[in-house]
Each structure stands twice: as structure tokens, then as C-alpha cells.
Amino acid sequence: MRKLHLLSNAHLDPVWQWEWEEGAAAAVSTFRAAAAFCEEYEGYVFNHNEALLYKWIEEYEPSLFRKIQGLVQAGKWHIMGGWYLQPDCNMPSGESIVRQILLGRTFFKDKFGVSSTTAINFDSFGHSRGLVQLIRKAGFDSYLFMRPEDRVAGPAQEFAWVGFDGSEVLAHQIQDGYNTLLGQAHIKVEERINKQTTQEFELVLWGVGNHGGGPSRLDLNRIGALIESTKGNVEVLHSTPEAYFADLSKKGDALPRHERDLNPRFVGCYTSMIRIKQKHRHLENELYQTEKMLSSAALQGYLRYPKEELNEAFHDLMVAEFHDILPGTSIQPAEEASLRLMDHGLEIASRLKARAFFALSSGQREAGEGEYPILVYNPHPYPVRGVFECEFMLADQNWQDQFSMPVVYQDGMRIPSQAEKEHSNLNLDWRKRVVFEAQLSPSTMNRFDCRIELLPSKPKPQVVLEGGDIHFRTPSLNIVINTQTGLMDQYIVKGIPYLKVGAFQPLAITDNGDPWRMDTDGFENVKGAFRLMSPEEGTAFSGITEGTLPSVRVIEDGEVRTVIESLLMYAHSAVVITYKLPKNGTEIEIHVRVFWQEKDTMLKLAIPTVLDEGIYAGQTIFGVQSLETDGTEVVAQKWTALMSETDNVAITLINDGIYGSDCSNGVIRPSLLRGAAYTAHPILDRPLMPNDRFSPRIDQGERMFRFWLNAGPKSERLRCIDREALQWNEKPYALSFFPHGEGQIPATAVQLDDDVIQMTAFKRAEQGEDTYILRLFEPTGLARSTVVRLPSMDLEIRLEFNGFEVKTCKLDKRMRTIIEYELMEE
């Protein structure tokens, strides 16, 4: 006999069309009705996940919350999934997904005493393969999803989903959607009953309202009558995800296996509302870096760990990752509310990071006469080499016709440094911005001292022109910037060319107003390219009132780097590209400042490489995902790479807040912006947008993007890229600060003895004031080991990693022990 599991669920999208208050009101109304039906109808079970909604209920309707607690204990209300909410499942970092699960499961365990074994994200727009390991380590054995609903995502509707590390969960892709119209749920159930199928167990989701807002008396009565009429033919029952997967598990090894992600779907969402995506990345970076600094200081007794304040900021991050916020598909008021939410989290993080910084500066000696101390905290448990920047004020204003040149020293030795244009525009020798190259010791405060040398004037940039173009050469690099196009025509690393002519070309791509882009998986039609501004256009655009300047110019030059600026334009928009070329090493930094006024148009950056047949890949949730090279829009996180197996070379591109790109014929094209509308998508043959008024568009105005390009041997690039990306995203914190000289210098917090393993989290445990959690990750797919050392406690532990494995350690300060631990801290 066939068995049909009916899953009544409430999937609310509280910020798609609404602001927070409306979302809370909808949750209260839906849950109140569901609770009444659970009491009224025999055998009926209501299913719901997402801790956030229960927190709203507890705050706004405590009596209803207590009733739900009773229904859960009675088995009439089922907590399914148990995450904080349904997040986007491609763009949050692996550590953020851990927190979504950890905070959600902790809430439900504390409030209801339950832990679900089926993870649920049926509305998220695609799913990273990296979820599998985390789901399994969190105590789930199955996964319920729907999108991409326009195709079968795996080898079948039901399959074993295999993670990067080899772990597995049972997976089911929902068919026929997860909601029903009012009074029509029985029609959906009856159609499934009458469907000719060989499936022994089936799952049908129903619910009315916003994307399946819950049950109705009309639907329950009609479903009840249908159940009575089908007795003896098909067993139809109100059910739970766990009951369905218990039946499915009987198929065992007969289920096919799937060893990829579940993508793509709604590819416009990888780019829409770029402000939200960039601010989300910024908040992630700040919170995880701040946690590491606070843990280092608290563990050694330099401050009290501010758990309550951090929890408030993490709530902001979790909500910002909701699958209709982070993908950029909400209305404009919800966009502004989301930005405000993340700014709140960033303000908390900023204050806590400063608190940790000052605590960790304990014991630093007082500045000598004429010294300006620069302290840089490295949050990473390994040495970091790079270019660092810091601004400070001179002791007094210099009104003489001189230039105060800052020179940086480390341990009394002069290191490469240079002065660059400070943020302020006061035409006075007073505020200073110093740039220096150095190596930072791991998980500790690093001390530099700046001294001033008086010069008659600021040194002029040295420009090498050959054939009219700017040539930049070091022992490792040969770069050419074309002064007729403003683009990079040559990037040679240690004698090997990697780019073709015209790299970093901004392109205008044909698009439409749908922020999801439900009708396509790619953006291929180039409608135009940005061109170099004429000297007159560039001078006017730059706001220069005296003289005329070329639109490609060297604006900084010194011991550390040369900085070149190019001004380009297209239609109503403009782009400022800034190339930062290092005097040491092979990594170049590219800033792209965009002034965007285009509608129904996407902005991409074209980087043509010599690897015409290259393999494209990118960072995903605790893994590396192979990506299409046929022009399909793909999603990745902090970096992408184009590699050649035959030539054993790779080109890597780090970003600080974009997620979409495509690649074909050796051309990497990161996606920067879209000119889409707010919450518009195809409905039948109706117009996409109203045609009787002005309609505001997403991402009009000024936006800023940063990239870091590098190239070299494939094995070397893949070994280094994850740490490099983390270094640029969780940047060491530099501040000019005059310490008082008292106290003791804190010991190094954490050290790793290998050159690959990452520390993604160092935080206090959810339970216990003297317990800390370290999370580590192997990012290359190769088995390796590392020794984790905590010098302040004279502790260490050796960890053996399989490829892409995530490990969690518990540090007990009182017992002075460190052991491997469960992901969910249980």
C-alpha cells in the first residue's frame, strides 16, 4: 500500500514584502490559528521551523508561546528543521551556517526540549554542497528542500546527498510546491493519490497564506473527508518530515548518490542589492574577527567576555541571511530596514573590537620622543605578510612649505613604507596616511613605530612610459596599463603571462527588472563597454578646477607600491579603476568605484586570461565547488580561480563582497551590479513593471568593489588562496595608539604549525563561562594534520584532518584541557 505523508507547514516570508512589525503580526496570527486547529482536529500535526518566529511569539504573545510548548510536548505541534531561520544557502560563510544551526537548535532545546533530525530549507534559492557535512555533524540525517523547483536538482527526487568530506544525508526535493490556495489543499492531495507512480512513500506539502502560511478549517475538513474516502487504497496521514524519512530510509543503498551542489536557481540573486551583500560580508568579517580578539583577551583575563552584546549582533547577522534579504529580492523599505539592522550589528562589533584592542595593547612600551606608535593585531593563528595602512595626526600642524614623510620601523629596523593621500582634504601638512609592508606574528599585537622625516615636498610619482603606456616592472612582475583604454594589457608573473589585452574591462550586459531573474541562468548579451574618458571629461568628472589631467595617471608611488587610476564611462554611468601594484610579491589589488545610473542592465568586469580551456572553481560553504565554464551565472564566496591541469598554473581572484560571476573561453567575469526593480518578476503575460509612473531601481548611485589578483603554480595557489582570502576579509586591525606602558604583554592566543588549516572561529562556548570553542577547517581537499598551540596556557593538541573536514575543539580554562568536541557543543 502506498503511503502519502501530508506535511502542514507555515512558511512565512516576513521581510519579502513587509517590515518587521508586519512579519511578527503575521507569525502571531498564523501560530494562533494553528494552535487552535491542533487542539480541535484529531491526528492533525502542525509543522514549523525557524527559531526567529518563536522568539517573536515569546516576546509579543507569551500565552500563545506557552500553549505551543504544551502542544509540542503532546506531539500535536512538531518542531521541524530547527534552524534560526531559512537562510540563503550559498552566500553565508560556513561559520555563519554553523551559527544558524547552533543558535536555532540551542533555542529549541532550551525552550521545547526537542531536536529535529531533518534539516529544512525548502525556499532557499539553491544549496551549497558544503551544507552536508554541517548538517550531519549537527545531528541531522536528512534534508528537505524544493529549489531549484524548475528541474530535478539531483539524480532523482530522492537521493543520498554527499558532502565534500564524504558524509551523507538523505535528501528529498519537494514537487508541486510547498503551499496551496485556500480551500484547495484537498485537490493537490487527490491529484497525488490518483497519480500513476511506483513510489511507495510520498510527501505532500500544503498550507495557505504567505507562501504556505498555515492550515485553515476549510482545508482540514476537506482533507479529513478525503482521508476517510481513500481508506484501503492509499494510506494518507498527517505527518512529519522525520516520519517520512524514516520510511524513505528503508530504501537504503537503492537511492542514487549526488556529489554536487543543488544549483543554480534565481541567478540574479547572486548580485541584486549589492549593498546588502557587501554589508553582510562586512558584518561576518567584523564579528568573527572581533570574537577572536575578545576570546584572546578574555581567556588571559584582560576583559570580561561580552556574550550578551555579541549575541545581539549575531541576531542581526542571522536575520540578514534570510533567503529574501541576502539575495536582494525585498521591497525598498525592507532593504533599508535590513541595512539598518546590519549597521546595528556593525556598531556593536566596532565597539567590542575597540574594547578588545585596548585590552590586548597591555604592556606595550610608551612611545619615544618623536615616535608615533602603530599597533596591528593579527587575529589569525599564523603569520600574515601583507601591506597595511594606518592614518594618524601629527603632534602639531606644519604650516611650512615642507612635507612630513612618515617612515615605519619594526624592532628598530626600517621597513618599506610610503605616504599616500589621506582621507581628509585639508591642504595642510597635518593628517598622515602611511602604507607599509610587514609580517605580523600570529594571534598577537604587533608593534610598529613611525618617525617623521622633513622633505621639501612630497616625492613625485615615477612613471615609466613605453610606447605611451605605463610599464611596471619588478623581479616578479611585468605589468602594462594601456593609457588609451585604462585597462591592463599585460600581467606577467615570473616570466609567465596570465592575462590577455584589455583586462578589467567594465561591461554593460542586457538585463531586465526581475531581481530574481527567474527566466535565465546566464547573462551573456553585451550591450556596451565602458570607454576611457577624454582628458576634459576625466578632469571635469574628477572635480579638478585647475589644469587638465590625463584619465590614466599614476597617483601614488613609493617603496611599497605604485597606484594607477583610470577613469571610464558608459551612457549615464562612470567607473574609477585603481590598480595597486606591489614592489614585492605578485598579488595586485584592484579597486572599482562605480557611479551607476543604468536600468535593466548588469555591470560585469571582464578579465580575459590565457587559460582558454581552464577549469573554473570557487569557494563555497566549507569547500571548493567546481563551476561551469559555459557562461552560466555561478555563485561563490570570497574567491574564484581559473586553473590549467596541463600547464599546472592557476589565476585566483579574491573579492570583499560579491558572489556572482561567469566564465567562458578563459574570460572571468565577476558580476558587480544590476539595475533591477524591487520585487518584480514574470506573472503570466503581464507587464513586468508599471508603465504609468517612475519606479525606483536597485543599486543606483555609488558603489565600491575590491579585488586581489594573483597567479602562479596551481598547487601553490590552491594551498594559499583560502588563507589569503580570509586575511583580506578579516583584515588585521591597525590603529595609531600611544600606550601607557603598564601591564603585561598578552601571550600569543593560538598558533597553528602548518601553512593551510584555517581557524574560522574562536569564541566562548554557548554554555560555561570558562569554556571556549575553536573551529578549524581543511580547505584544499587533501588530508593533513596540524598542531594547535595555546601558549598562554601551555596547551596543545594534534589534529588529523581529512580533505575539507571541519573540526571543533573545546578549551576548558578551569580544567586546563583542550579536546575535540561536537559541532553543536553538546
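Histidine 172 sits in strand β7. The model is predicted.

- Is histidine 172 buried or exposed? Histidine 172 counts as buried, because its relative accessibility is 1% and the cut-off for buried is under 20%.
- Leaving aside residues up to four places away in sequence, histidine 172 touches Tyr143, Leu144, Phe145, Gln157, Glu158, Leu203, Tyr244 and Phe245.
- Strand β5 covers residues 142-145, and strand β7 covers residues 168-173.
- β5 and β7 run parallel and are joined by four bridges.
- Tyrosine 143 has alanine 171 in β7 as its bridge partner.

**Two open sheets**

- Which strands make up the five-stranded open sheet, and in what order? The order is β4-β5-β7-β6-β10, with mixed pairing.
- At the edges of this sheet are β4 (118-120) and β10 (257-258), and each pairs on one side only.
- Another open sheet has three strands, in the order β40-β43-β44. Its pairing is antiparallel.
- Here the edge strands are β40 (751-752) and β44 (795-801), each with pairing on one side only.
- Two bridges link β40 to β43 (residues 784-790), and these strands run antiparallel.
- Leucine 752 lies opposite valine 788 in β43.

**Cavities**

- How many cavities of 30 Å³ or more does a search of the whole structure find? The search finds seven.
- The largest cavity has a volume of about 220 Å³.
- The largest cavity is lined by 21 residues. Closest to its centre are Ser93, Gln619, Lys638, Gln758 and Thr760.
- Elements that give two or more residues to this lining are α4 (94-112), α9 (274-299), β31 (615-620), β32 (623-627), α13 (714-729) and β41 (758-764).
- α9 gives the most to the lining of the largest cavity, with three residues.
- By class, this lining has seven nonpolar, nine polar and five charged residues.

**The second largest pocket**

- The second largest pocket has a volume of about 950 Å³.
- Its lining has 38 residues. Which of them are closest to the centre? They are Arg385, Glu587, Asn710, Arg717 and Glu724.
- At least two lining residues each come from β12 (384-398), β16 (429-440), β28 (573-582), β29 (588-596), β38 (701-713) and α13.
- α13 gives the most to the lining of this pocket, with eight residues.
- Helix α13 also gives two or more residues to the lining of the largest cavity.
- The classes in the lining of the second largest pocket are 16 nonpolar, nine polar and 13 charged residues.

**The whole chain**

- The chain has 13 helices and 46 strands.
- Its C-alpha atoms fill a box of roughly 95 × 65 × 50 Å along the principal axes.
- The radius of gyration is 28 Å, which agrees with a compact globule, because a globule of 826 residues would have a value near 28 Å.

Note on methods: Residues are numbered from 1 along each chain as its sequence is written. This is a predicted model: local features need pLDDT of at least 70, side-chain atom pairs count only at pLDDT 80 or more; totals for chains, interfaces and linings use all residues. Side-chain values use heavy atoms; hydrogens and water are left out. On a 1 Å grid over the protein atoms alone, a cavity is a set of points where a 1.4 Å probe fits but cannot get out, and a pocket is an open set with protein on both sides within 12 Å along at least five of seven lines; lining residues have an atom within 4 Å of a point. Grid points are joined across faces, edges and corners, and a volume is the space filled by probe spheres set on the points. Ala, Val, Leu, Ile, Met, Phe, Trp, Tyr, Cys and Pro count as nonpolar, Asp, Glu, Lys and Arg as charged, and the others, Gly among them, as polar. Two strands pair if DSSP finds at least two bridges between them. The radius of gyration is taken over C-alpha atoms; the globule rule is 2.2 Å times the number of residues to the power 0.38. Buried means under 20% relative accessible area, exposed over 50%, partly exposed in between (1.4 Å probe, protein chains only). Contact means heavy atoms within 4.5 Å.
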